[in-house]
Amino acid sequence: MNSKRLAVITGASGGLGQAVIRSLDAQGFFCVGLARRVGASSDIWICDVQNESAIELAFKRIHLEYGALDVLVNCAGVASRGDDLALS
């Protein structure tokens with residue numbers, strides 16, 4: 001287990017997620033990123049946050065490996081392609 005405060009960041013392979021990781025890391029947090037693909041830095045785990053089972057498994061593993069979560073930052077976004085007027 002790590003003695004630093006633990007932060008989990010979704011959307012960690014994107015620009016916003018990476019910026020949040022850098023900021024929290026500079027503030028002394030241990031960061032675990034969740035992303036659909038592996039990014040350039042930090043401890044990034046593959047996890048599609050659209051899949052509820054994957055989320056449950058990821059957070060169980062995080063808790064077992066690192067302990068209690070201190071901060072959760074949701075940066076994951078979902079883009080929908082199609083006619084904007086057809087979306088509800």
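This is a predicted model: local features need pLDDT of at least 70, side-chain atom pairs count only at pLDDT 80 or more; totals for chains, interfaces and linings use all residues.
Trainee: How many residues does helix 2 have, and what span should they give?

Mentor: Helix 2 runs over residues 52-66, which is 15 residues. At 1.5 Å a residue the helix should span 21 Å, and its end C-alpha atoms are 21 Å apart, so the two agree.

Trainee: Which residues of helix 2 are buried?

Mentor: Start with the general idea. An α-helix has 3.6 residues a turn, so residues three or four places apart point the same way. In this structure A58, I62 and Y66 are the buried ones in helix 2. They cover an arc of only 35° around the axis, which places them on the same side of helix 2.

Trainee: Which residues are exposed on the other side of helix 2?

Mentor: E52, S53, L57, K60 and L64 are exposed there.

Trainee: What covers the buried residues of helix 2?

Mentor: The cover includes strand 1 (5-10), strand 2 (29-35) and strand 3 (43-46).

Trainee: What is found at the start of helix 2, and what just after it?

Mentor: At the start, a side-chain oxygen of N51 comes to within 3.0 Å of the backbone nitrogen of S53. Just after the helix, G67 has a positive phi of about 95°.

Trainee: Which residues make up the largest nonpolar core?

Mentor: In soluble globular proteins, nonpolar side chains tend to be buried together. Here the largest nonpolar core has eleven residues, including A7, I9, V20, L24, F29 and I44. Strand 1, helix 1 (15-26) and strand 2 each supply at least two residues of this core. Another core, of ten residues, lies apart from it, and among its members are L6, V8, V32 and A58.

Conventions: Residues are numbered from 1 along each chain as its sequence is written. Side-chain values use heavy atoms; hydrogens and water are left out. Helices (H or I, at least four residues) and strands (E, at least two) are DSSP runs, numbered from the N terminus. The expected span of a helix is 1.5 Å times one less than its number of residues. Buried means under 20% relative accessible area, exposed over 50%, partly exposed in between (1.4 Å probe, protein chains only). The arc is that of the directions from the helix axis to the C-beta atoms. Contact means heavy atoms within 4.5 Å. A polar contact is a pair of N or O atoms within 3.5 Å; within protein, one must be able to donate a hydrogen and the other to accept it, and residues adjacent in sequence count only if both atoms are side-chain atoms. A nonpolar core is a set of buried Ala, Val, Leu, Ile, Met, Phe, Trp, Tyr and Cys residues joined through side-chain atoms within 4.5 Å.
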